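Here are some friendly notes to read alongside the model. Keep the viewer open and look up each residue as you go.

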Amino acid sequence: MAAERSNGRYWWLWGLITLAIVAALAWVLLRDEDKTLFMPGPLSDGHHQLAERCDICHGEAMAGEEVIQENCVECHGEDRVKPFDSHPRSKFRDPRNADRLEKIDALRCVTCHTEHKSEITRKDGVTQPRDLCSHCHADIAEDRPSHQGMAFDTCASAGCHNFHNNRALYTDFLVKHMDDTDTRRDGRVPPRGFHEALEEILTYPRDRYPLQPVAAAAVDMPADLDRSEGMNADGIRHWLQTAHARAGVNCSACHQGGDAQAPWRPRPDPKSCGSCHDQELDRFGKGKHGMRLAAGLPPMTTDRARLPMRSDAAHESLDCNSCHKAHDDDVVKAAVEACEGCHDDRHTRAYRNSSHFRLWQAEVLGSAPPGSGVSCATCHMPRVERDISDWSSRIVVDHNQSANLSPNTKMIRGACLHCHGLGFSIDALADRTLVERNFDGRPGIHVQSIDLARKDQENYLKELKGSPGEKR
Amino acid sequence: MKQNLFTSIVVFGTTVVLGAASTLAVGDVANEKLITPRAMADALHLVMDSDRTIYTRKIVNRLVKKDKVIKASEHFQDDKALALPAQMFRFGSELVAKRADALPDVNFSYSLQSLWPVNRQNAPKTEAEKTGLKYVAENVGKNYYTTEKLGGKSYFTAVYPDIAVAPVCVSCHNDHKDSPRRDFKIGQVMGGVVIRIPVDQ
């Protein structure tokens with residue numbers, strides 16, 4: 001009898017504990033914003049910042065795979081297909097490729113980029129074995145004799161192929177650039193084109209803010225602002241020299257959103273910047289600096305970063321004003337010092353010993369022409385031509401600094417080729433030690449891609465000289 | 001008076017009934033299976049082939065050969081040039097594939113293939129493609145029609161000969177680095193357009 005009574009007590013205890021656990025889990029599930037408790041495994045480097053927002057990928061109430069697919073494309077679609085997608089969805093939707101689709105479901109991003117599986121996740125969130133290409137291209141050596149005997153786990157080696165877009169590296173491009181010199185003396189990055197593009201932005205309130213410098217007397221800061229919110233005379237004098245003031249963008253444009261009746265906002269948010277700089281804000285939101293803001297989360301802070309950051313910047317957060325001070329649009333600081341203020345890895349620390357930095361110094365001091373220096377932003381936020389409509393494009397500073405690092409050969413066209421030859425760039429980016437030294441020195445690695453293209457080209461020219469007819 | 005009223009009611013009623021019947025009849029026509037898969041494939045091919053011929057003659061040939069104002073290039077983005085007619089055709093087929101995703105009733109697909117493809121991925125792959133491309137190359141002016149089963153689904157498959165209509169077709173294929181054949185002549189069959197329409201069986 002006594003034993004039965006004590007068992008009954010344990011049952012009660014078990015019931016209460018179970019109930020408490022269920023209640024706690026239900027509270028997290030239904031009420032708590034942070035649901036990381038339910039996460040089946042750690043997130044990849046690309047997504048870890050969004051851990052509190054399961055719905056960004058999974059949709060509301062954990063919708064199905066279709067929603068996940070839509071959400072992948074929502075964020076990554078553009079970078080996947082530009083400038084062209086070598087493996088578009090339509091290729092695999094074609095019934096003639098049904099057998100290939102059975103081997104590997106290329107219609108869904110998660111087939112190759114599974115999340116929450118850190119044990120099998122490689123760079124760029126890839127979770128497929130490296131010899132993936134062999135499924136469809138097993139007979140590549142018949143087409144490209146130079147590829148005879150190559151192992152399929154080397155296809156995606158630096159300087160060669162990448163599944164979504166071989167941006168710089170298709171054969172004819174390699175041939176076109178096979179005799180490039182390593183470094184061009186007259187190398188320049190293109191100038192930024194925002195000022196010219198203003199003419200094209202139809203929604204720009206040019207009636208209220210005509211494209212002419214703001215005169216000191218026309219500064220429209222309310223006179224009754226208290227000292228903490230307003231600017232003193234020195235501050236205003238300094239501000240009048242900035243690009244915004246010189247382009248006619250008066251105080252109310254940012255602090256009241258261009259609406260004279262709107263309340264004065266002491267600290268305009270990134271959306272306010274985006275009302276003119278929409279391309280920049282959009283790209284910022286796609287990269288690791290701005291993805292939290294774009295997801296409606298508090299801004300990224302350095303203590304959340306997986307890359308080494310400076311300990312004295314432990315609580316720095318990231319919005320537009322972190323790099324671009326509100327009333328001081330010094331892009332020189334934004335291009336180097338802002339980066340160095342937080343990043344503390346070997347590559348960053350080595351920058352000031354590099355020839356890139358020496359060129360940057362010369363440009364900043366005025367002893368070298370504009371566009372000849374190489375800052376952090378020159379490579380990581382390159383000036384690229386972007387379509388702003390179907391009929392016009394402009395040179396935009398690509399504020400998604402993550403886009404050209406996966407893989408880093410994506411940097412070749414947007415950055416390296418302004419000053420360097422293709423072969424030199426491919427080799428330099430493949431040399432990890434050289435990358436750590438911030439390219440101070442010469443590549444110690446040689447990637448064969450151009451050699452192979454040269455060999456194929458020579459064979460082709462020989463063949464053209466021969467008699468016409470079938471090759472094989 | 002009564003008779004007039006009766007006549008009016010009869011006339012009105014007849015009008016209503018006939019009107020409704022004719023509306024229903026039109027509705028039925030829209031849903032009737034009047035067009036065979038073969039007729040649909042023939043019609044689609046007529047549009048595709050005409051569009052590409054116009055692009056080849058009135059845009060590429062005129063601007064490149066006659067007016068000499070722009071080049072046409074396989075790498076048209078890098079070279080700031082016109083896309084090749086075959087690329088224009090392929091981009092169209094990719095866009096159709098993308099749009100047809102949302103329209104299961106018209107989920108057809110098409111591609112340009114050849115026994116001597118510049119891109120190996122455009123070589124015939126299924127038995128129907130292999131037989132069809134050989135047939136249209138050997139039987140001048142004839143199309144090839146068949147059915148096949150792919151990935152568990154049945155398709156009506158039509159293969160139409162693709163003929164070199166302009167000197168640029170021949171010169172480009174004969175000179176291309178990756179072309180397995182270099183003796184094409186104008187008027188010859190260079191490949192085929194394969195159209196697939198899903199059919200219930």
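Leaving aside neighbours within four places in sequence, which residues is Asn250(A) in contact with?

1. **Asn250(A) and its partners.** The residues in contact with Asn250(A) are Tyr209(A), Val214(A), Ala218(A), Val219(A) and Asp220(A), once neighbours within four places in sequence are set aside. Here, two residues are in contact if their C-beta atoms, placed from the backbone, lie within 7 Å. Asn250(A) sits in the loop between helix H11 (243-246) and helix H12 (251-255) of chain A. Pro210(A) is 40 residues away from Asn250(A) along the chain, yet their C-alpha atoms are separated by 9.8 Å. Asn250(A) counts as partly exposed because it has 18 C-beta neighbours inside 10 Å. The rule is that a residue is buried if 20 or more other C-beta atoms lie within 10 Å of its own, exposed if 12 or fewer, and partly exposed in between, with C-beta atoms placed from the backbone.

2. **What kind of model this is.** This is a predicted model, in which local features need pLDDT of at least 70 and side-chain atom pairs count only at pLDDT 80 or more, while totals for chains, interfaces and linings use all residues. Residues are numbered from 1 along each chain as its sequence is written, and chains are lettered from A and ligands numbered from 1 in the order in which they are written.

3. **The two chains.** Chain A has 24 helices and 2 strands, and chain B has 5 helices and 4 strands. Helices (H or I, at least four residues) and strands (E, at least two) are DSSP runs, numbered from the N terminus. Starting at the N terminus, chain B reads α-α-α-β-α-β-β-α-β. Of the 472 residues in chain A, 21% are buried; for the 201 residues of chain B, the share is 23%. Along the principal axes, the C-alpha atoms of chain A fill a box of roughly 95 × 85 × 45 Å. Take the contacts in chain A between residues at least 6 apart in sequence: 58% of them join residues at least 24 apart.

4. **The cores.** Where do the nonpolar residues gather? A nonpolar core is a set of buried Ala, Val, Leu, Ile, Met, Phe, Trp, Tyr and Cys residues joined through C-beta atoms within 7 Å. The largest one has 30 residues, and Met411(A) and Ile426(A) have the most contacts inside it. Several elements of chain A each supply at least two residues of this core, including strand E2 (393-397), helix H21 (411-414) and helix H22 (422-430). The largest share, 5 residues, comes from H22(A). Beyond four places in sequence, Met411(A) touches Cys379(A), Asn404(A), Cys416(A) and Leu429(A). A second, separate core of 21 residues includes Val60(B), Tyr110(B), Val193(B) and Ile197(B).

5. **A helix pair in chain B.** Helix H2 (residues 37-66) and helix H3 (residues 85-100) of chain B pack at an angle of about 140°, with their axes 9 Å apart. Axes are lines fitted to C-alpha atoms, for helices over the stretch in contact, and angles run from 0 to 180 degrees between N-to-C directions. That angle makes H2(B) oblique to H3(B), since angles under 35 degrees count as roughly parallel, over 145 as roughly antiparallel, 65 to 115 as roughly perpendicular and the rest as oblique. Met48(B), Arg52(B), Tyr55(B), Thr56(B) and Val60(B) in H2(B) meet Pro85(B), Met88(B) and Phe89(B) in H3(B).

6. **Where the chains meet.** The contact takes 24 residues from chain B and 19 residues from chain A. On the side of chain B that touches chain A, the largest share, 3 residues, comes from H3(B).

7. **Backbone details to check.** Most residues other than glycine have a negative phi, and most peptide bonds are trans. A cis peptide bond joins Ser406(A) and Pro407(A), with omega about -5°, and Pro407(A) lies in the loop between E2 and H21 of chain A. Asp124(A), which is not a glycine, has a positive phi of about 65°; this residue is partly exposed, with 17 other C-beta atoms within 10 Å. Phe439(A) also has a positive phi, near 60°, but counts as buried because it has 22 C-beta neighbours inside 10 Å.
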